[in-house]
Amino acid sequence: ENGYETGEHAPGLKLGGCGAYKAAHHIIKTHAKVWHSYNNTWRREQRGMVGISLTSGWGEPVDPHSQTDREAAERYIQFHLGWFANPIYRGDYPEVMKNYVGKKSAQQGLGTSRLPTFSVQEKTYIKGTSDFLGIGHFTTRYVLQKNFPFLQVSGYHTDRDLAELVDPNWPAPGPKWLYSVPWGFRRLLNFIKTQYGNPLIYVTENGVSEAAQCSELCDEGRIHYLRGYINEILKALNDGVNVKGYTAWSLLDKFEWNKGFSEKFGLYHIDFKNKNKPRYPKASADYYKEIISANGFPNPREVM
């Protein structure tokens, strides 16, 4: 969506309304081809696994007693995670996604939906092409119904007919879009368990950047974030979710999309102004070392 609809990220194309859907369509089919290639050629010898890693937030209805808000929150997840996971685990795009994009396309006078379709053969070929599901997760939004008026140029965000809100009391230790809402992760993991048959899950990205660099490398916000999110994964394990591994994002400060080096997600600070790029552990690096050494929280009282 950022690369092929808004043009915010590389390759910077502004193909409003259809670019993101077409790009995703090719990604899904290409992923399936890679999975089958490995399955047919290398699996018997190497006994490896091929999966896909998808990044998704969690959408919580503003009013859990409102059917329209619950449906909007469901759309939020289906337009995020379901867009890619549903074809791989269930054989096609989510029904709500097909219905909403199809309806908006018809309103525009288009003969076909802007959301591409899979043939019967493609659906069969794609379904089941994941030995594990990688999940990147960072934050949560409250979601409510919002009807967008008829637009001659509609796109991914207006297709969903929803609005996103945040709680001002949520901690925001890093960038403006990334609020610390640990309980959303447990709900996302349980959603995956229910929707996709409790697949094997590896958490491939989870972390936060700091808004300002502390001269003493005291990133307490990141420590609080890691503690909360890892704790919710432990709760999800107790719920029966099949989480096999966890990866904190990220080891080092690095180049972060169009934000360059300004957003620092690393457990280790890098002095980019020094030609040798020296690296210094932040307080979160020591905290994460303790978690790794104990294979969990070293202090049982941290577990809520």
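Biologist: At what angle do α1 and α3 pack, and how far apart are their axes?

Modeller: This is a predicted model. In such a model, a helix pair is read from the angle and the separation of the two axes. Here α1 and α3 pack at about 35°, and their axes are 10 Å apart. The crossing of α1 past α3 is right-handed.

Biologist: Which residues of α1 and α3 meet?

Modeller: From α1 come Ala20, Tyr21, Ala24, Ile27, Ile28 and His31.

Biologist: Is Ala20 buried or exposed?

Modeller: Burial is judged from relative accessible area, with under 20% taken as buried. Ala20, in helix α1 (residues 19-41), has a relative accessible area of 3% and is therefore buried. Setting aside residues up to four places away in sequence, Ala20 touches Glu1, Tyr4, Glu5 and Trp83. The C-alpha atoms of Ala20 and Pro87 are separated by 16 Å, and the two residues lie 67 residues apart along the chain.

Biologist: What may be said of His36, and which residues does His36 contact?

Modeller: His36 is also placed in helix α1. His36 counts as buried because its relative accessibility is 18%. Apart from neighbours within four places in sequence, His36 is in contact with Tyr125 and Thr129.

Biologist: How are α3 and α4 oriented to each other?

Modeller: Helix α4 comprises residues 95-107, and α3 packs with α4 at an angle of about 105° with the axes 9 Å apart. The two helices are therefore roughly perpendicular to each other. Arg75, Gln78, Phe79 and Trp83 in α3 meet Val96, Met97, Tyr100 and Val101 in α4. The contact of α3 with α4 has six nonpolar residues, one polar and one charged.

Biologist: At what angle do the axes of α3 and α7 cross?

Modeller: The axes of helix α3 (residues 67-90) and helix α7 (residues 183-195) cross at roughly 40° and come within 12 Å. The pair is therefore described as oblique. The crossing of α3 and α7 is right-handed. On the α3 side the contact is made by Glu74, Ile77, Gln78, Leu81 and Arg90, and on the α7 side by Leu188, Phe191, Ile192 and Gln195. These residues divide into five nonpolar, two polar and two charged.

Biologist: Which residues does a cis peptide bond join, as with Trp249?

Modeller: The feature is read from omega. A cis peptide bond joins Trp249 and Ser250, with omega about 5°. Ser250 lies in the loop between β7 (243-246) and β8 (268-270). A cis peptide bond also joins Ala10 and Pro11, again with omega about 5°. Pro11 is found in the segment before α1.

Biologist: What is the phi of Trp257, and is Trp257 buried or exposed?

Modeller: The backbone angle and the accessibility are read separately. Trp257 is not a glycine, yet has a positive phi of about 50°. Trp257 is found in the loop between β7 and β8. With a relative accessibility of 57%, Trp257 counts as exposed.

Biologist: Where does Lys277 lie, and what is the phi of Lys277?

Modeller: Lys277 lies in the loop between β8 and β9 (279-281). Its phi is near 50°, a positive value in a residue other than glycine. Lys277 counts as partly exposed because its relative accessibility is 35%.

How values were computed. Residues numbered from 1 in each chain as written. Predicted model: local features only at pLDDT ≥ 70, side-chain atom pairs only at ≥ 80, totals over all residues. Heavy atoms only, no water. Axes fitted to C-alpha atoms, helices over the stretch in contact; angles between N-to-C directions. Helix = DSSP H or I, 4+ residues; strand = E, 2+ residues; numbered from the N terminus. Parallel < 35°, antiparallel > 145°, perpendicular 65-115°, else oblique. Left-handed = near helix turned anticlockwise from the far one by under 90°. Contact = heavy atoms within 4.5 Å. Nonpolar A, V, L, I, M, F, W, Y, C, P; charged D, E, K, R; others polar. Buried < 20%, exposed > 50% of the residue type's maximum accessible area, 1.4 Å probe, protein only.
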